[in-house]
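Here is a friendly briefing to read alongside the coordinates. Have the viewer open, and pick out the residues as they come up.

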Amino acid sequence: MEETIKDPPTSAVLLDHCHFSQVIFNSVEKFYTPGGDVTCHYTFTQHFIPRRKDWIGIFRVGWKTTREYYTFMWVTLPIDLNNKSAKQQEVQFKAYYLPKDDEYYQFCYVDEDGVVRGASIPFQFRPENEEDILVVTTQEELETLQSINKKLELKVKEQKDYWETELLQLKEQNQKMSSENEKMGIRVDQLQAQLSTQEKEMEKLVQGDQDKTEQLEQLKKENDHLFLSLTEQRKDQKKLEQTVEQMKQNETTAMKKQQELMDENFDLSKRLSENKIICNALQREKERLEGENDLLKRENSRLLSYMGLDFNSLPYQVPTSDEGGAGQNPGLAYGNPYSGIQESSSPSPLSIKKCPICKADDICDHTLEQQQMQPLCLNCPICDKIFPATEKQIFEDHVFCHSL
């Protein structure tokens, strides 16, 4: 079959849920001649209101869903439904789109929701011969009709069994979903209870009269609304789970950061302890050096006293550029305390000591010999360290260090 327009709205509809009596098909022939157009006459009942996307399809007898149409035509909406003539409508099917076999077919009126609102008696597409015309009033036609009726009843029964099986499967799936939804909390239980109640009410309404159709549609909308609410709650629960996971990740990151800070604090504490130990060691070293310095000062004073010099009488001013030792001793802030001893050409009375050889107080040959050897080397009076005469500056610095 070829279609040049878009497909009509269809759905998998249970036969028990259809309302075949809301649209009545009139003047339906038992046979339609192949190759000719077919005009379908139908009438709207009092309580039925057609809509823009309603359509009439030709279905093979035994169809199960509205998707099994062979061809279809859109219905024409009447201008005034209150007019009696507006209730009677017709639509014409072109011969090109009609079936070419001799199976049984029927007209079905389907609304824009995919629900069947009316169905015609079965008919065939085949030439009508004289036997068919003559046998109209015979017993054979009655038997044929009864046979066709039995076949139709068997097909309807098969369809019923099929859809009852489908209904049972849907109910089992619904029960499984209900058992899963119980784990989602009190709110889900309430929604499930409402869904179960509405399903029972829907079953009662389906078995009731056709006047309760609007109430059934309203309950379907409420059911959809509850299902949407359940879906939204599942989405909210998923968002909460994602938020909890994010919080766990943040907590893990914070714990890592805290551990890093603790490690850094430990390192700083360790360094502080080490610095304290070093500081204490330096403090002890300073105290030790100060003690040694005091001892050296006392020793220096003792040696100066031994040499017959007064510590306070030693020069302490920096010599000017006119003086002979200023250019040679720029680093000695207080001058060389022993410069009078080594540089004097004639020994002073205070610098003359007893001769260690002859024990004479006056100048003897030994003393003169030592004074003649004096320019050759410089001897430290404190530690007896000997310096060459060419290293006079180093010698003076060395002697000055003993006074610090």
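This is a predicted model: local features need pLDDT of at least 70, side-chain atom pairs count only at pLDDT 80 or more; totals for chains, interfaces and linings use all residues.

The protein has seven helices and 11 strands, and 26% of its 404 residues count as buried.

**Overall make-up**

- If you look at contacts between residues at least 6 apart in sequence, 63% of them join residues at least 24 apart.

**Nonpolar cores**

- In soluble globular proteins, nonpolar side chains tend to be buried together.
- Here the largest nonpolar core has 20 residues, and Tyr42, Ile56, Phe107 and Tyr109 have the most contacts inside it.
- Six strands each supply at least two residues of this core: β1 (23–26), β3 (38–44), β4 (55–60), β6 (88–93), β7 (104–110) and β9 (123–125).
- Among these strands, β3 gives the most, with four residues.
- Another core, of eight residues, lies apart from the largest one, and Trp55, Trp63, Cys108 and Val116 are among its members.

- Helix α4 runs over residues 213–306, which is 94 residues.
- From first C-alpha to last, α4 reaches 136 Å, close to the 140 Å expected at 1.5 Å a residue.
- Which residues of α4 are buried? They are Thr213, Leu216, Leu219, Asn223, Leu226, Ser229, Leu230, Asn300, Leu303 and Leu304.
- An α-helix has 3.6 residues a turn, so residues three or four places apart point the same way. That is handy to keep in mind when reading the buried positions of α4, including Leu216, Leu219, Asn223 and Leu226.
- Just after α4 comes Gly308, with a positive phi of about 85 degrees.

- Side chains of opposite charge can pair when their charged atoms come close.
- A search of the whole structure turns up nine salt bridges.
- Asp111 and Arg51 form one with their side chains, at 3.4 Å from N to O. The pair links distant parts of the chain, 60 residues apart, with Asp111 in the loop between β7 and β8 (116–119) and Arg51 in the loop between β3 and β4.
- Glu112 also meets Arg51 in a salt bridge, at 3.2 Å from N to O. Glu112 sits in the loop between β7 and β8, 61 residues from Arg51.
- Asp113 and Arg51 make a salt bridge too, and their closest N and O atoms are 2.8 Å apart. Asp113 lies in the loop between β7 and β8 and Arg51 in the loop between β3 and β4, so this pair ties together parts that are 62 residues apart in sequence.
- Glu112 is partly exposed at 28% relative accessibility, and Asp113 is partly exposed at 42%.

**Cysteines**

- How many disulfides does the structure hold? It holds zero.
- Cys380 is in no disulfide; its nearest cysteine sulfur belongs to Cys383, 3.5 Å away.
- Cys380 is buried, with a relative accessible area of 0%, while Cys279 is partly exposed at 47%.

**Backbone points to check**

- Most residues other than glycine have a negative phi, and most peptide bonds are trans.
- Ser27 is not a glycine, yet it has a positive phi of about 55 degrees. Ser27 is found in the loop between β1 and β2 (31–32) and is exposed, with a relative accessible area of 60%.
- Asp384 likewise takes a positive phi, near 60 degrees, in a residue other than glycine. Asp384 is placed in the loop between β10 (377–379) and β11 (386–388), and at 54% relative accessibility it counts as exposed.

Technical notes: Residues are numbered from 1 along each chain as its sequence is written. Side-chain values use heavy atoms; hydrogens and water are left out. A disulfide is a pair of cysteine sulfur atoms within 2.5 Å. Buried means under 20% relative accessible area, exposed over 50%, partly exposed in between (1.4 Å probe, protein chains only). A nonpolar core is a set of buried Ala, Val, Leu, Ile, Met, Phe, Trp, Tyr and Cys residues joined through side-chain atoms within 4.5 Å. The expected span of a helix is 1.5 Å times one less than its number of residues. Contact means heavy atoms within 4.5 Å. A salt bridge is a side-chain nitrogen of Lys or Arg within 4 Å of a carboxyl oxygen of Asp or Glu.
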